[in-house]
Amino acid sequence: MNALAFVLDAAQRGEPISPSSLSARLGLSPSATTALIDRLETSGHLERHRDHRDRRRVTLTMSETAMDAGRRLFTPLGEVFADSWADFTDEERETIVRFLIHSIGAMRDVREDWNE
C-alpha cells in the first residue's frame with residue numbers, strides 16, 4: 001500500500017518515480033524494492049515504463065486496475081466519512097483539521113528521520 005501511495009503521489013505531482021526513488025522512500029534495499037515491484041506488477045497494480053529518450057531509465061505508474069480498485073474503496077469511504085462528520089460543528093471541524101495537519105507533519109518528520 002505504501003509503495004502504491006508513493007507512486008500515486010508522484011503521479012499527482014507530475015513527477016514520474018523511479019525504482020531507486022521508491023526504494024529510498026520506502027527505506028528498502030534495491031533488491032527488496034525490485035521484488036516488491038515484481039509482485040505489484042504481477043498482480044496488475046503497477047506498471048514499469050521505459051523512458052523513450054533513455055531506455056535505461058524506468059518509471060513506475062499505477063495501473064488502471066489499481067486506480068479502479070482505489071476508487072471502489074475510497075469513494076464509498078469518503079461518503080461514509082462525510083456522513084459521519086455531519087454532526088460536527090464548524091469549530092470542531094477546524095480543531096480536527098488542525099490536529100490532522102500537525103499529526104501528518106509529525107509523521108513526515110519521523111519518516112524523514114527514519115529514512116536517513
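**Notes on a serine and an aromatic pair**

1. Serine 18 has a relative accessible area of 11%, so this residue is buried, the cut-off for that label being under 20%. Please keep in mind that the model is a predicted one.

2. Where does serine 18 sit? Look in the loop between α1 (2-13) and α2 (19-26).

3. The side chain of serine 18 is worth a look for its polar contacts. With the side chain of serine 20 it makes a polar contact of 3.1 Å. The side chain of serine 18 also reaches a backbone atom, the nitrogen of serine 21, at 3.1 Å.

4. Which residues does serine 18 touch once those up to four places away in sequence are set aside? They are Val58 and Leu60.

5. Now to the aromatic rings. The count of aromatic pairs comes to one. Phenylalanine 81 and tryptophan 85 form this pair, with 5.1 Å from centre to centre and 10° between the planes. The pair counts as stacked because its planes are 10° apart, and the stacked label applies under 30 degrees.

6. Both partners belong to helix α4 (residues 64-85). Phenylalanine 81 and tryptophan 85 are four residues apart there, so about one helical turn separates them.

Methods
Residues numbered from 1 in each chain as written. Predicted model: local features only at pLDDT ≥ 70, side-chain atom pairs only at ≥ 80, totals over all residues. Heavy atoms only, no water. Phe/Tyr/Trp six-rings, centres within 6.5 Å; stacked < 30°, edge-to-face > 60°. Helix = DSSP H or I, 4+ residues; strand = E, 2+ residues; numbered from the N terminus. Buried < 20%, exposed > 50% of the residue type's maximum accessible area, 1.4 Å probe, protein only. Polar contact = N/O pair within 3.5 Å; in protein donor to acceptor, adjacent residues only side chain to side chain. Contact = heavy atoms within 4.5 Å.
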